[in-house]
Amino acid sequence: MTVSTKQMLARRTIVDAARPLIGSQGFSAVGISQIIEVAGIPKGSFYHYFESKEAFGEELLHLYISDYLAKMDVMFGASPKNGREKILAYCQFWWETHVDGKTGDKCLIVKLGAEVSDLSERMRHILKKGTEQAVERITAIIRAGQEDGSIQSAMNSYILAQALYQQWLGATLMVKITRDSHPFDNAWVATKSFLDHT
(Lines give C-alpha, C1' and ligand atoms only; values in the text may rest on other atoms or scores of the structure.)
Protein backbone atom coordinates (compact mmCIF):
# COMPACT_ATOMS: atom_id res chain seq x y z
CA MET A 1 0.00 0.00 0.00
CA THR A 2 1.44 3.37 -1.02
CA VAL A 3 1.85 6.29 1.36
CA SER A 4 -0.80 8.27 -0.54
CA THR A 5 -3.25 5.35 -0.29
CA LYS A 6 -2.63 5.02 3.45
CA GLN A 7 -3.20 8.74 3.91
CA MET A 8 -6.40 8.63 1.88
CA LEU A 9 -7.70 5.73 3.97
CA ALA A 10 -6.76 7.55 7.17
CA ARG A 11 -8.60 10.66 6.00
CA ARG A 12 -11.63 8.53 5.23
CA THR A 13 -11.50 6.91 8.66
CA ILE A 14 -11.40 10.29 10.39
CA VAL A 15 -14.27 11.65 8.31
CA ASP A 16 -16.42 8.54 8.83
CA ALA A 17 -15.83 8.68 12.58
CA ALA A 18 -16.76 12.36 12.84
CA ARG A 19 -19.69 12.39 10.41
CA PRO A 20 -22.39 11.26 12.89
CA LEU A 21 -21.23 13.90 15.37
CA ILE A 22 -21.36 16.67 12.79
CA GLY A 23 -24.63 15.33 11.42
CA SER A 24 -26.07 15.68 14.92
CA GLN A 25 -24.48 18.93 16.14
CA GLY A 26 -23.57 20.81 12.98
CA PHE A 27 -20.24 21.86 11.49
CA SER A 28 -19.49 25.01 13.50
CA ALA A 29 -20.47 23.48 16.85
CA VAL A 30 -17.96 20.64 16.56
CA GLY A 31 -14.36 21.56 17.34
CA ILE A 32 -11.21 19.93 16.06
CA SER A 33 -10.57 18.49 19.53
CA GLN A 34 -13.90 16.65 19.33
CA ILE A 35 -13.06 15.32 15.87
CA ILE A 36 -9.71 14.06 17.17
CA GLU A 37 -11.37 12.42 20.15
CA VAL A 38 -14.10 10.62 18.23
CA ALA A 39 -11.64 9.53 15.53
CA GLY A 40 -9.20 8.23 18.13
CA ILE A 41 -6.16 9.92 16.62
CA PRO A 42 -3.27 11.57 18.50
CA LYS A 43 -3.41 15.28 19.22
CA GLY A 44 -1.63 17.27 16.55
CA SER A 45 -2.16 14.66 13.85
CA PHE A 46 -5.29 16.36 12.48
CA TYR A 47 -3.19 18.84 10.52
CA HIS A 48 -1.14 16.01 9.08
CA TYR A 49 -4.24 14.93 7.17
CA PHE A 50 -6.13 18.20 6.74
CA GLU A 51 -4.67 21.67 6.37
CA SER A 52 -7.68 23.25 8.09
CA LYS A 53 -11.11 22.50 9.46
CA GLU A 54 -12.53 23.83 6.20
CA ALA A 55 -10.45 21.29 4.27
CA PHE A 56 -11.84 18.61 6.56
CA GLY A 57 -15.35 19.88 5.83
CA GLU A 58 -14.70 19.73 2.10
CA GLU A 59 -13.57 16.12 2.39
CA LEU A 60 -16.60 15.33 4.54
CA LEU A 61 -18.97 16.66 1.89
CA HIS A 62 -17.06 15.08 -1.01
CA LEU A 63 -17.25 11.64 0.60
CA TYR A 64 -20.85 12.01 1.71
CA ILE A 65 -22.00 13.07 -1.75
CA SER A 66 -19.93 10.36 -3.45
CA ASP A 67 -21.48 7.68 -1.22
CA TYR A 68 -24.97 9.10 -1.73
CA LEU A 69 -24.68 9.21 -5.51
CA ALA A 70 -23.35 5.64 -5.51
CA LYS A 71 -26.45 4.54 -3.60
CA MET A 72 -28.63 6.31 -6.15
CA ASP A 73 -26.82 4.57 -9.00
CA VAL A 74 -27.35 1.16 -7.42
CA MET A 75 -31.01 1.92 -6.72
CA PHE A 76 -31.71 3.24 -10.21
CA GLY A 77 -29.43 0.95 -12.18
CA ALA A 78 -29.90 -2.56 -10.84
CA SER A 79 -33.66 -2.62 -10.45
CA PRO A 80 -36.02 -3.95 -13.14
CA LYS A 81 -38.69 -1.53 -11.95
CA ASN A 82 -40.22 1.08 -14.26
CA GLY A 83 -39.48 4.79 -13.93
CA ARG A 84 -42.34 5.58 -11.56
CA GLU A 85 -41.48 2.67 -9.28
CA LYS A 86 -37.83 3.74 -9.14
CA ILE A 87 -38.72 7.32 -8.18
CA LEU A 88 -41.08 6.08 -5.45
CA ALA A 89 -38.43 3.62 -4.22
CA TYR A 90 -35.97 6.52 -3.97
CA CYS A 91 -38.48 8.61 -2.02
CA GLN A 92 -39.16 5.64 0.26
CA PHE A 93 -35.42 5.26 0.83
CA TRP A 94 -35.20 8.96 1.70
CA TRP A 95 -38.13 8.66 4.10
CA GLU A 96 -36.82 5.56 5.87
CA THR A 97 -33.35 7.10 6.23
CA HIS A 98 -34.77 9.97 8.27
CA VAL A 99 -37.31 8.24 10.48
CA ASP A 100 -35.32 5.19 11.58
CA GLY A 101 -34.25 6.68 14.88
CA LYS A 102 -30.70 7.62 13.88
CA THR A 103 -29.86 11.21 14.69
CA GLY A 104 -26.37 11.72 13.37
CA ASP A 105 -26.11 10.06 9.97
CA LYS A 106 -28.90 11.86 8.14
CA CYS A 107 -28.89 14.08 5.07
CA LEU A 108 -25.90 16.39 5.43
CA ILE A 109 -27.31 18.54 2.63
CA VAL A 110 -30.21 19.47 4.92
CA LYS A 111 -28.14 19.61 8.10
CA LEU A 112 -25.24 21.67 6.79
CA GLY A 113 -26.55 23.38 3.65
CA ALA A 114 -27.48 26.80 5.01
CA GLU A 115 -24.72 26.78 7.63
CA VAL A 116 -21.67 26.03 5.52
CA SER A 117 -22.89 27.90 2.45
CA ASP A 118 -22.48 31.07 4.49
CA LEU A 119 -19.11 29.97 5.91
CA SER A 120 -17.23 28.58 2.94
CA GLU A 121 -17.56 29.23 -0.77
CA ARG A 122 -15.68 26.02 -1.56
CA MET A 123 -18.01 23.93 0.60
CA ARG A 124 -21.03 25.67 -0.94
CA HIS A 125 -19.73 24.77 -4.39
CA ILE A 126 -19.36 21.10 -3.39
CA LEU A 127 -22.96 21.07 -2.15
CA LYS A 128 -24.18 22.80 -5.31
CA LYS A 129 -22.42 20.33 -7.58
CA GLY A 130 -23.61 17.36 -5.53
CA THR A 131 -27.25 18.40 -5.58
CA GLU A 132 -27.02 19.03 -9.32
CA GLN A 133 -25.68 15.51 -9.83
CA ALA A 134 -28.52 14.06 -7.75
CA VAL A 135 -31.11 15.99 -9.76
CA GLU A 136 -29.50 14.82 -13.01
CA ARG A 137 -30.00 11.21 -11.94
CA ILE A 138 -33.62 11.82 -10.97
CA THR A 139 -34.18 13.61 -14.29
CA ALA A 140 -32.95 10.57 -16.22
CA ILE A 141 -35.31 8.24 -14.35
CA ILE A 142 -38.28 10.58 -14.81
CA ARG A 143 -37.53 10.81 -18.53
CA ALA A 144 -37.37 7.01 -18.73
CA GLY A 145 -40.67 6.80 -16.84
CA GLN A 146 -42.31 9.22 -19.24
CA GLU A 147 -41.05 7.10 -22.13
CA ASP A 148 -42.21 3.79 -20.65
CA GLY A 149 -45.59 5.31 -19.75
CA SER A 150 -45.36 4.78 -16.00
CA ILE A 151 -45.05 8.54 -15.34
CA GLN A 152 -48.03 10.40 -16.77
CA SER A 153 -46.79 13.93 -16.16
CA ALA A 154 -45.83 15.83 -19.30
CA MET A 155 -43.83 18.37 -17.31
CA ASN A 156 -40.23 18.86 -18.42
CA SER A 157 -38.29 16.03 -16.75
CA TYR A 158 -35.60 18.33 -15.35
CA ILE A 159 -38.10 20.77 -13.86
CA LEU A 160 -40.07 17.89 -12.35
CA ALA A 161 -36.89 16.37 -10.91
CA GLN A 162 -35.93 19.69 -9.33
CA ALA A 163 -39.43 20.09 -7.87
CA LEU A 164 -39.40 16.60 -6.34
CA TYR A 165 -35.88 16.92 -4.93
CA GLN A 166 -36.58 20.34 -3.42
CA GLN A 167 -39.88 19.08 -2.03
CA TRP A 168 -38.15 16.25 -0.15
CA LEU A 169 -35.40 18.56 1.09
CA GLY A 170 -38.10 20.86 2.46
CA ALA A 171 -40.01 17.97 3.98
CA THR A 172 -36.84 16.77 5.71
CA LEU A 173 -36.32 20.21 7.21
CA MET A 174 -39.92 20.27 8.43
CA VAL A 175 -39.51 16.82 9.99
CA LYS A 176 -36.59 18.24 11.98
CA ILE A 177 -38.66 21.24 13.06
CA THR A 178 -41.88 19.38 13.93
CA ARG A 179 -40.19 16.17 15.16
CA ASP A 180 -42.75 13.98 13.45
CA SER A 181 -43.01 12.32 10.04
CA HIS A 182 -46.17 14.04 8.80
CA PRO A 183 -44.23 16.24 6.33
CA PHE A 184 -43.06 13.02 4.66
CA ASP A 185 -46.66 11.82 4.46
CA ASN A 186 -47.50 15.02 2.62
CA ALA A 187 -44.43 14.81 0.39
CA TRP A 188 -45.33 11.22 -0.53
CA VAL A 189 -48.87 12.20 -1.57
CA ALA A 190 -47.59 15.22 -3.48
CA THR A 191 -44.94 13.14 -5.26
CA LYS A 192 -47.54 10.68 -6.54
CA SER A 193 -49.69 13.60 -7.67
CA PHE A 194 -46.74 15.15 -9.52
CA LEU A 195 -45.93 11.89 -11.29
CA ASP A 196 -49.53 11.06 -12.19
CA HIS A 197 -50.68 14.54 -13.22
CA THR A 198 -51.58 14.71 -16.91
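In the predicted model, the side chains of R124 and E121 meet in a salt bridge with an N to O distance of 2.5 Å, where a salt bridge denotes a side-chain nitrogen of Lys or Arg within 4 Å of a carboxyl oxygen of Asp or Glu. Both residues lie in helix α7, 3 residues apart, which corresponds to about one turn of the helix. R124 counts as partly exposed because its relative accessibility is 29%, whereas E121, with a relative accessible area of 51%, is exposed; buried here means under 20% relative accessible area, exposed over 50%, and partly exposed in between, for a 1.4 Å probe and protein chains only. Elsewhere, salt bridges that share partners join R12, D16, R19 and D67 into one network.

This is a predicted model, in which local features need pLDDT of at least 70 and side-chain atom pairs count only at pLDDT 80 or more, while totals for chains, interfaces and linings use all residues. Residues are numbered from 1 along each chain as its sequence is written, and side-chain values use heavy atoms, with hydrogens and water left out.

A search of the whole structure finds 10 salt bridges. One of them joins the side chains of E54 and R122 at 3.4 Å, N to O, and this pair links distant parts of the chain, with E54 in helix α4 (residues 53-77) and R122 in helix α7 (residues 121-148), 68 residues apart. R122 also forms a salt bridge with E58, the closest N and O atoms being 3.0 Å apart; this pair likewise links distant parts of the chain, from helix α4 to helix α7, across 64 residues. E54 counts as partly exposed because its relative accessibility is 27%, and R122 falls into the partly exposed class at 44%, whereas E58, at 15% relative accessibility, counts as buried.

The secondary structure comprises 9 helices and 0 strands, the elements being DSSP runs numbered from the N terminus (helices, H or I, at least four residues; strands, E, at least two). Along its principal axes, the C-alpha trace spans about 60 × 40 × 30 Å. Of the 198 residues, 43% count as buried. Among contacts with a separation of 6 or more, 68% are accounted for by residues 24 or more positions apart, a contact being defined by heavy atoms within 4.5 Å.

Y90, in helix α5 (residues 83-98), counts as buried because its relative accessibility is 3%. With residues up to four places away in sequence not counted, Y90 touches Y68, M72, M75, F76, I138 and Y165. Y90 and E136 are 46 residues apart in sequence and 14 Å apart in space, C-alpha to C-alpha.

M155, Y158 and I159 make a nonpolar surface patch of about 270 Å², patches being built from residues with over 30% relative accessible area and no salt bridge, with like charges joined within 9 Å and nonpolar side chains (Val, Leu, Ile, Met, Phe, Trp, Tyr) within 5 Å.

Terms used
Accessible areas come from the Shrake-Rupley method with a 1.4 Å probe; for residues, only the protein chains shown count as cover.
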